[in-house]
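Here is a short tour of some local features and of how the chains are arranged. Please keep the viewer open beside the text as you read.

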There are 4 protein chains.
Amino acid sequence: MPNISQQLQEYAQYIREWNAHGWSPATSTNYSVRIAPDLMAISQSGVDKSRFTEQHFLQMGISSGQLIAPPAGVRSSAETGLHLALYRVSAETNAIVHTHTVYNTILSERYLAQGYLRLAGYELLKAIDGYTTHESVLDVPVFANTQYIDALAAEFVQRYASEPTMKAYLISGHGLYTWGKTVEEAKRQLEALEFLLECEYRKTAMR
Amino acid sequence: MPNISQQLQEYAQYIREWNAHGWSPATSTNYSVRIAPDLMAISQSGVDKSRFTEQHFLQMGISSGQLIAPPAGVRSSAETGLHLALYRVSAETNAIVHTHTVYNTILSERYLAQGYLRLAGYELLKAIDGYTTHESVLDVPVFANTQYIDALAAEFVQRYASEPTMKAYLISGHGLYTWGKTVEEAKRQLEALEFLLECEYRKTAMR
Amino acid sequence: MPNISQQLQEYAQYIREWNAHGWSPATSTNYSVRIAPDLMAISQSGVDKSRFTEQHFLQMGISSGQLIAPPAGVRSSAETGLHLALYRVSAETNAIVHTHTVYNTILSERYLAQGYLRLAGYELLKAIDGYTTHESVLDVPVFANTQYIDALAAEFVQRYASEPTMKAYLISGHGLYTWGKTVEEAKRQLEALEFLLECEYRKTAMR
Amino acid sequence: MPNISQQLQEYAQYIREWNAHGWSPATSTNYSVRIAPDLMAISQSGVDKSRFTEQHFLQMGISSGQLIAPPAGVRSSAETGLHLALYRVSAETNAIVHTHTVYNTILSERYLAQGYLRLAGYELLKAIDGYTTHESVLDVPVFANTQYIDALAAEFVQRYASEPTMKAYLISGHGLYTWGKTVEEAKRQLEALEFLLECEYRKTAMR
């Protein structure tokens with residue numbers, strides 16, 4: 001296992017690069033990594049991701065949901081509950097990423113009524129953990145947006161119980177969550193999903 | 001309050017980054033910050049924003065509308081009157097930003113007849129000062145373009161008096177203005193609005 | 001007048017930045033500047049513009065059309081004749097730029113039959129030399145593409161004689177030419193035109 | 001012939017730049033260069049291309065298809081067979097590049113049934129080896145995707161035998177392959193093709 005400080009530095013570097021892609025406008029989005037079985041580092045609320053550094057990760061107990069010695073006036077992301085919920089139900093999940101992109105915003109609205117967005121037939125599906133062929137189908141659940149994160153976390157936990165192979169989900173008009181056993185796996189899935197969402201969007205714009 | 005020179009350096013850095021996004025082509029756009037209750041720093045006219053530095057801010061009295069010791073031959077932006085008008089009517093506004101983007105240009109034309117562009121249902125509305133839920137509506141006024149900045153300033157002041165919660169406005173075929181209590185707030189709102197305008201445009205291109 | 005070597009360094013820097021925007025794929029495009037009344041520096045043929053430096057400018061007599069002491073095996077751009085033609089008929093033109101972008105390629109094809117592309121009503125028209133209001137019309141001529149550069153140069157000269165306020169032209173399926181009294185003016189017009197062409201394209205994609 | 005290590009460093013730099021364009025999301029894509037008549041350097045499988053360096057090239061015999069002293073646990077790209085097939089049938093091919101882009105993904109699906117995508121009338125066709133005028137037609141074959149690389153390699157070899165002037169091919173829902181006598185020629189063709197595919201896509205989105 002790499003040194004935690006070094007791992008968070010590298011993660012912060014990824015977060016700045018994703019920001020440069022336009023994936024986290026206006027201090028939005030959040031990121032976490034499990035740094036011990038019952039401990040996560042999660043991004044501080046309200047930070048401009050173009051300036052995000054290792055110092056903007058806060059440590060929080062996963063069972064307790066309590067920040068460890070937070071600096072005064074500092075809060076973790078408002079969506080911390082979604083991270084806790086997943087780490088609690090999935091022991092193999094060690095990193096969670098969340099982006100706001102134009103394509104995931106539009107498509108999450110478009111597919112909310114259907115309840116999922118289907119990705120099928122793409123070579124890049126092989127970037128998703130457990131997918132070994134393009135002849136695969138990946139259904140990404142779409143949840144309605146809400147400001148009641150506890151309620152959304154409960155809805156996620158219920159759906160995850162019935163769809164334990166879920167690899168990502170969308171929140172309507174809001175963004176995308178995906179995760180992995182490592183930060184690198186979460187990064188790989190994030191890049192693949194954002195690419196495939198752009199493909200899906202662009203197909204809808206084609207005559 | 002941070003050192004003014006340092007604050008202007010940081011602002012100039014943001015301006016160069018916005019230029020790299022394509023938000024200020026061809027020496028267009030302008031930016032200001034209130035540096036004392038009756039004093040603003042405003043961008044010099046005609047500067048290529050990819051090369052904008054702290055040296056390109058000029059100081060101007062807000063009540064007087066007079067430049068403080070300007071270098072010979074140097075003018076502030078042609079739209080200085082729009083900045084003065086807002087600082088004069090809103091004591092809590094301390095930073096104003098103005099961008100020319102493809103999306104704000106097209107949509108400002110599209111919604112001119114209606115008089116406003118409505119943004120609704122987006123999580124990213126929470127990046128706008130005073131908005132705490134995606135279940136919100138933000139109406140962005142659209143003004144007709146004119147080369148008579150004093151007339152446009154008067155039109156803005158009148159509308160602002162009746163819509164004091166206004167957070168931004170568009171000028172048709174021209175661009176977007178937004179502002180905040182700090183440069184950081186103006187930046188956050190700018191990034192959110194440009195993102196949401198791109199969402200709105202892309203929805204119109206979808207079948 | 002700035003030092004020529006310094007001016008060419010700065011120009012080369014602009015050329016690399018335009019390449020980073022995607023405006024000169026696959027070693028395409030060409031650039032020149034008049035460095036004396038009868039002398040221009042013009043970009044060498046076949047250079048990857050992401051690596052373009054001051055060393056890639058060749059000197060050529062404007063009346064003579066002859067390279068000054070060219071290194072062995074080095075040629076100027078295949079479209080050199082278009083640069084010579086303009087410098088010969090317009091004493092006030094001192095810089096010429098030519099880009100290949102997706103938008104100028106598509107729109108030049110679309111408007112070839114009409115013979116020009118009309119830009120109207122945009123604030124950014126004020127970035128064009130001599131335009132002082134958005135209530136202006138800029139007609140950009142569109143020429144058919146040809147590999148016979150001398151013929152195209154003659155066609156341009158004829159049209160320029162009847163449209164001496166011409167500020168730019170398109171070649172169908174090929175690209176955009178614009179120019180100015182200085183490199184900075186040509187840069188400003190180039191950025192404005194590429195922005196406005198993107199606006200025009202995106203309007204055609206809107207429902 | 002330049003020093004091989006220096007050549008691979010330069011190639012790795014190109015690969016990182018293409019990644020920055022969004023052409024190799026999620027550790028996808030692969031690249032090779034022939035470094036001796038019967039020896040190629042080919043990219044290692046699973047590497048994030050934003051971090052790709054000279055160290056990520058593996059050496060493999062072209063006739064043998066065997067890696068030369070590979071580090072433990074390291075594999076070459078899963079699509080190595082496509083590289084070997086082309087080097088074996090084309091002695092003048094010395095570099096092969098493969099990208100995953102949104103435009104090549106969508107268009108490869110769109111033109112699969114037709115079996116090829118036709119590019120015609122573009123000035124940028126002159127960036128393709130052997131093309132000297134825009135009055136040319138370039139048909140890019142489209143193959144169905146498969147996880148059986150040997151079968152795809154055989155299909156390619158058969159088609160290449162009947163279309164020996166083939167300059168590139170698409171795999172449906174997957175990506176683009178192109179190649180050249182040098183890395184620089186492959187780079188030039190790649191940039192030209194990706195540009196022209198974007199043109200083709202954008203025309204389909206136009207009303």
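If you want to find B:Glu155 in the viewer, look in helix 4 of chain B, which covers residues 149-162. Along the sequence, 34 residues separate B:Glu155 from B:Gly121, and their C-alpha atoms lie 29 Å apart in space. Please bear in mind throughout that this is a predicted model.

## A positive patch

The Arg207 residues of the four chains belong together: A:Arg207, B:Arg207, C:Arg207 and D:Arg207 form a positive surface patch. Take C:Arg207 as an example, which sits in the segment after helix 5 (183-204) of chain C. With a relative accessible area of 48%, C:Arg207 is partly exposed, because the exposed class begins over 50%.

## Salt bridges

How many salt bridges does a search of the whole structure find over all chains? The count is 44. One of the pairs joins the side chains of A:Lys126 and A:Glu123, with an N to O distance of 3.0 Å.

A:Lys187 and A:Glu191 make another salt bridge, and their closest N and O atoms are 2.6 Å apart. Are these two residues buried or exposed? Both A:Lys187 and A:Glu191 are buried. They lie 4 residues apart, about one turn of the helix, in helix 5 (residues 183-204) of chain A.

## Links across the sequence

In chain D, the side chains of D:Asp129 and D:Lys167 meet in a salt bridge at 3.2 Å, N to O. This pair links distant parts of the chain, 38 residues apart. D:Asp129 lies in the loop between strand 5 (116-120) and strand 6 (137-143), and D:Lys167 in the loop between helix 4 (149-162) and strand 7 (168-171). D:Lys167 has a relative accessible area of 16%, so it is buried. Over in chain A, a network of salt bridges links A:Asp129, A:Lys167, A:Lys181 and A:Glu185.

## Two positive phi values

Most residues other than glycine have a negative phi. Two residues are worth a look here. B:Thr27 has a positive phi, near 65°, and lies in the loop between helix 1 (4-20) and strand 1 (30-36) of chain B. Its relative accessibility is 22%, so B:Thr27 counts as partly exposed.

D:Ala69 also has a positive phi, near 50°. You will find D:Ala69 in the loop between strand 3 (57-61) and helix 2 (80-89) of chain D. With a relative accessible area of 72%, D:Ala69 is exposed.

Key:
Residues are numbered from 1 along each chain as its sequence is written. Chains are lettered from A and ligands numbered from 1 in the order in which they are written. This is a predicted model: local features need pLDDT of at least 70, side-chain atom pairs count only at pLDDT 80 or more; totals for chains, interfaces and linings use all residues. Side-chain values use heavy atoms; hydrogens and water are left out. Patches are made of residues with over 30% relative accessible area and no salt bridge: like charges are joined within 9 Å, nonpolar side chains (Val, Leu, Ile, Met, Phe, Trp, Tyr) within 5 Å. Accessible areas come from the Shrake-Rupley method with a 1.4 Å probe; for residues, only the protein chains shown count as cover. Lys and Arg count as positive and Asp and Glu as negative; His and the chain ends are not counted. The place of a charge is taken as NZ of Lys, CZ of Arg, CG of Asp or CD of Glu. Buried means under 20% relative accessible area, exposed over 50%, partly exposed in between (1.4 Å probe, protein chains only).
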